[in-house]
Each structure stands twice: as C-alpha cells, then as structure tokens.
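Colleague: I am new to this structure and would like to learn how its features are read, one at a time. Could you take me through them, giving the general idea and then the case at hand?

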Amino acid sequence: MTSTQASNKAQERLPDNCLTNSIAILDFGSQYSQLIARRVRETKTYSEVLPFSISCEDLKRLNPRGIILSGGPNSCYDQYAPKLDPEIWKMGLPILGVCYGMQLMAHDLGGTVESGDLREYGRALLTVVRHGKLFDGMDPTIESWMSHGDSVTELPKGFEIIGSTMSTPVAAISDEERGYYGVQFHPEVVHTRGGQRVLENFVVNICGCPQTWTMDRFVDEAIGKVRAQVGDKRILLALSGGVDSSTLAFLLHKAIGDKLTCMFIDQGFMRKNEPEWLVKKFAEFKIPVHFVKARSRFIEKLAGVTDPEDKRKIIGKEFIEVFDEESQRLGPFDYLAQGTLYPDVIESSGTRIDPKTGERIAVKIKSHHNVGGLPKNLQFKLVEPFAKLFKDEVRLLARELDVPDGIVVRHPFPGPGLAIRVVGEVTKDRLKTLREADWIIREEVKAHGLYRQVWQMFGILLPTKSVGVMGDQRTYMNQIVIRAVTSEDGMTADWARLPYDLLETISRRIVNEVPGINRVMYDITSKPPATIEWE
Ligand code: XMP
C-alpha cells in the first residue's frame, strides 16, 4: 500500500469532523501507537490512530483538537523516512512529538538531529529543566522509558529544553507559544512513571479537550446509530461466549429487542460446562440464543490432522459452513453483527516502513479464527458498533450494560478453543482430558484469588508420553502444561510468577484426578519469543 492509498483508506473509514474535541495520533510505525491512543482515551478523550501520511487537508476535515506524533523505527535521515505533510505544521494545533515524533519535529522546524554514539534503551532518569504546561504538577525527576539511537542536538527557533537525562541532554523540548512539545521518552508505557500525567497535561490542559468520552454516552450513541442503520430489519449475531460478542448481544438486544437473533455454534472445543452456562446466563437476561450442536462435524474433520495451521484453517472453514447453513435456516437476515474492535481496523502495521525499500512491513504469525472471522462474501450488511473501541473499553461498556461478571472478567479464549491446546491430533478423549485439567487449573487460580491478576491461564495437553510411578505401578502417560501469562494486550506477554503452592496444588490435583496424566509442567517462556497459545 502506498502512502496515498493508506491515507485514502483512513478517509473512507472516517466521517468528516469525527475527531472534534479529540486527538489525532499520527502513526510512524511505533509498536506503541495504539497504546498512546488507549492512554489518551483514559483521559476521557477520544483519539484515533491515523497513518502518518494523512494530508493536512484530510486532517482538517476530521477537525482534531490536537495531534500526537508517535515514535517509529526509522531515523529521520533514512532515505524512506516517513514524513509529515509540511502543511500540518501550519494548522495552529498543539502537537506532541514522541521519540521519532520529537526528532521529526526538531528536524522539520529547523533544528538538528544526529545519530548519537550513546544509544539509550530502557529506563533513564529525566530531570525536569522547566515544568511549563507539559510537566505541570510533576516531580523534579521522572523515571522514564527510552528507546532511541538518534537525538536532537540543536533546537529549532522558539524551542527550549524542558528535560534532560545523563546521556540525552535534549530529552524534552517545548515551544509553548506555538503549543509544540517533544519528548524523547515514551509517556505511554507503564515504565514511565507519571507518563499518564504528561499525556493528560497535553490533552486536557494544552489542547483543552473537554473529557466527554465515556461509556454511558457511548451506549446511547451506539443504540441510536444501530437503530438508524438497521431500521426494523433483523440482525444475526454469532455468539462466541467471549466478552466482545456477548457485550454486543446485550447492546443490540437493548437497541432492537427481538429483531436480534443470537446463534451459538458448539464446535466441541469449549471448556467444561461453558456452552450450557452461557445459554443459561443469556436466558436469565431474556436474550434467546439459538444453540447449534455441531460437535461431531468438527471433530470428524480434524481426524488425523496434526499441523497447527491446518487445524486452524479446517475449524475456520467448518465454522463458516455451519454458520451458512444455520443462518439460511433461521433467516432471512439483512444484517450481520460483528464484534470487530478498533485494533482489527487500524492499519497500524501498515505504516511500518522498511527504511531501505520503502515497503510496508507486515508479519503474519498465526491465522486467527474467531466469530468475527467470517468471509466478506456472505450476503449480509455489517453492523460493527465496536469498530472504534479498544478491548478495555468493551469491558467498561459491558459493565455499563450489566453483562454478567463471569463473562466480563473471563480470560481471552481463542476461536478454535481447546483444539489448539491439544497439541497434535485432536480426539474426543484428549479433549475430555484437557477439559478436566483445565477445570482444575481455573478452579485453583480462582481459589487463590489470582484469576484477575493474570491475563490468561490454561492447560495444554501434550501427546507425548513419559514414565511415572503411581502406587507401585509404572505409568506411561501424557503431560499437561500450565500456561499462565501477564500481559497488557496479548501482543507481548511475560510468564506469570505464580506462587509455588498454587502450582503444587494444581499439579497434585491434575495427576490425582485426571486419568491419563502423570506429569505437569509450567511454561516459563515469555512472548516473544514464544506465543501465548502453543499452536
Ligand atoms: P498468541 O498465541 O498469538 O495469542 O500469542 C495472542 C492472543 O490471541 C488469542 N488467540 C486467538 N483469539 N482466535 C481468537 O479469537 C484465534 O484464533 C486465536 N489464536 C490466539 C490468544 O488466546 C491470546 O490471548
């Protein structure tokens, strides 16, 4: 995709004025661009991530109240370094440049940026030289997170240094008159203490955003929009039991009542008792769910299949077939509702530019399948009320809509379910074994009060066998791996440092209570280099 195409794409998606009282984040390929958007939204201010290549004219149409330039992997002297439309500097809006964004600001406005001998990665203590509006109310030193090779060495006219570190004398700059600010550190990451305050100072005090982005307002607006979009037509929703599709069901039910049909396809890969629990919960809220029993179809298709990608593709394809048949039986429907989230929509990876070739870089690790993964050629128009929301905002919305706790605080669960947690071929027996072990894992982590502290915790069944001894008998059985990670968003993760007594209880219970397992392991790999799921 060229820069112009990327910009056109942004334009297709965004109605005029949609950033009134909001912040535009121009993405220069940083892994943290979405995080900046989330942090800005935590100040009750709407924000969107847009490609760096957006034209000044397009940006004016969107009417933001301020601009944040993200970091990025390039040096502003790279041949294909991503550049800003120079007219944007003349818009008269406050601008905050982060890392590469600050270097670009200095470079474009007449300063000098140089490749430093001293690269600075990780924690650094920033000394505030002048608090001004950006560092208002903050301590004289800020523990900050750095990740840069280049540094600003000469300031553009009108700028002053407002913060320095040992190895980066120009670590934060400002031109208060024009409302321009630059920070070499990343205020959006948790390692920068007080980083949220820096963003809030920019968004609220400098840009003057009125902090009106709240979920109660969102509910009213979203209901209005759905009603206006679909009128008295019917909507079909494929329910997965996850927080996104469940919250969507609650919202749509509120908006259009019995014009909504929820379909749940039981592929046979859910956790123990979950399908039944889900239907019961929805019934309590008077939301009928059409339950499709499809277990045997899926397991038959997986016979003899061991390759993870093949498994994912087969499950995805079968899901579409079942969905197609059932929707025809229950239909006709005009609309299909999907819980598509903002990160699925934005082209953030689309703006990562190879400095040598100018090509866009995108890497596919796994083909994800979920209920949103339906093909585009289905005969429905789409309703996607969450297309501008982050996951944590959906959780807030769920609370607003009284979605049951068991759904809202549920750990993420992959579309192909336990089928990708049975390593190798999936059989009924292996699923049963994994279900029992998984049940114990969840029961124990909840009993220890740690369920909410971890991002995900689950079991994986290995098809390999190892020798053990139970009573006086030699055993030769499969293993269960416990996977527990902490994470902000599933993109990166660390293995959870769980208490030994919890691990010990789980191990003892699984070996004693789950037939066919004689060994339990704990996965101590972070992501990267591993992924959270094993397949
Ligand atoms: P990985 O294994 O890629 O997982 O580190 C990252 C997050 O995504 C979840 N996951 C999926 N979610 N459909 C989904 O809806 C899928 O096919 C899928 N595969 C992985 C995973 O559980 C973790 O939260």
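Modeller: Let us begin with contact, which means heavy atoms within 4.5 Å. Not counting residues up to four places away in sequence, Glu-326 touches Met-263, His-290 and Val-292. This is a predicted model, in which local features need pLDDT of at least 70 and side-chain atom pairs count only at pLDDT 80 or more, while totals for chains, interfaces and linings use all residues. Residues are numbered from 1 along each chain as its sequence is written, and side-chain values use heavy atoms, with hydrogens and water left out.

Colleague: Where does Glu-326 lie, and is Glu-326 buried or exposed?

Modeller: Helices (H or I, at least four residues) and strands (E, at least two) are DSSP runs, numbered from the N terminus, and Glu-326 lies in helix 10 (residues 308–330). Buried means under 20% relative accessible area, exposed over 50%, and partly exposed in between, with a 1.4 Å probe and protein chains only; Glu-326, at a relative accessible area of 11%, is therefore buried.

Colleague: Which residues touch the most other members of the largest nonpolar core?

Modeller: In soluble globular proteins, nonpolar side chains tend to be buried together. A nonpolar core is a set of buried Ala, Val, Leu, Ile, Met, Phe, Trp, Tyr and Cys residues joined through side-chain atoms within 4.5 Å. The largest one here has 120 residues, and Leu-26, Ile-235 and Ile-510 touch the most other members. Helix 7 (residues 243–256) gives the largest share of this core, 8 residues. Apart from this core lies another, of 35 residues, including Ile-23 and Val-203.

Colleague: How many aromatic pairs are there, and how is such a pair described?

Modeller: A pair of aromatic rings is described by the distance of the centres and the angle of the planes. Rings of Phe, Tyr and Trp (its six-membered ring) pair if their centres lie within 6.5 Å, and planes under 30 degrees apart count as stacked, over 60 as edge-to-face and the rest as tilted. The count by this rule is 15 aromatic pairs. Phe-135 and Phe-185 have ring centres 6.4 Å apart and planes at 25°, so this pair is stacked. The two residues are 50 apart, with Phe-135 in the loop between strand 5 (112–128) and strand 6 (141–154) and Phe-185 in the loop between strand 9 (180–183) and helix 5 (195–206). Phe-135 is buried, at 0% relative accessible area, and Phe-185 is buried at 0% as well. Tyr-342 and Phe-390, by contrast, form an edge-to-face pair, 5.3 Å centre to centre with 85° between the planes.

Colleague: How many salt bridges does the structure hold?

Modeller: Side chains of opposite charge can pair when their charged atoms come close. A salt bridge is a side-chain nitrogen of Lys or Arg within 4 Å of a carboxyl oxygen of Asp or Glu, and the structure holds 37 of them. In one of these, the closest N and O atoms of Arg-271 and Asp-438 are 2.9 Å apart. The pair links distant parts of the chain, 167 residues apart, with Arg-271 in the loop between strand 11 (260–266) and helix 8 (274–284) and Asp-438 in helix 14 (residues 428–447). Both Arg-271 and Asp-438 are buried. Glu-160 and Arg-130 also meet in a salt bridge, at 2.8 Å from N to O; Glu-160 is partly exposed at 31% relative accessible area, and Arg-130 is partly exposed at 33%.
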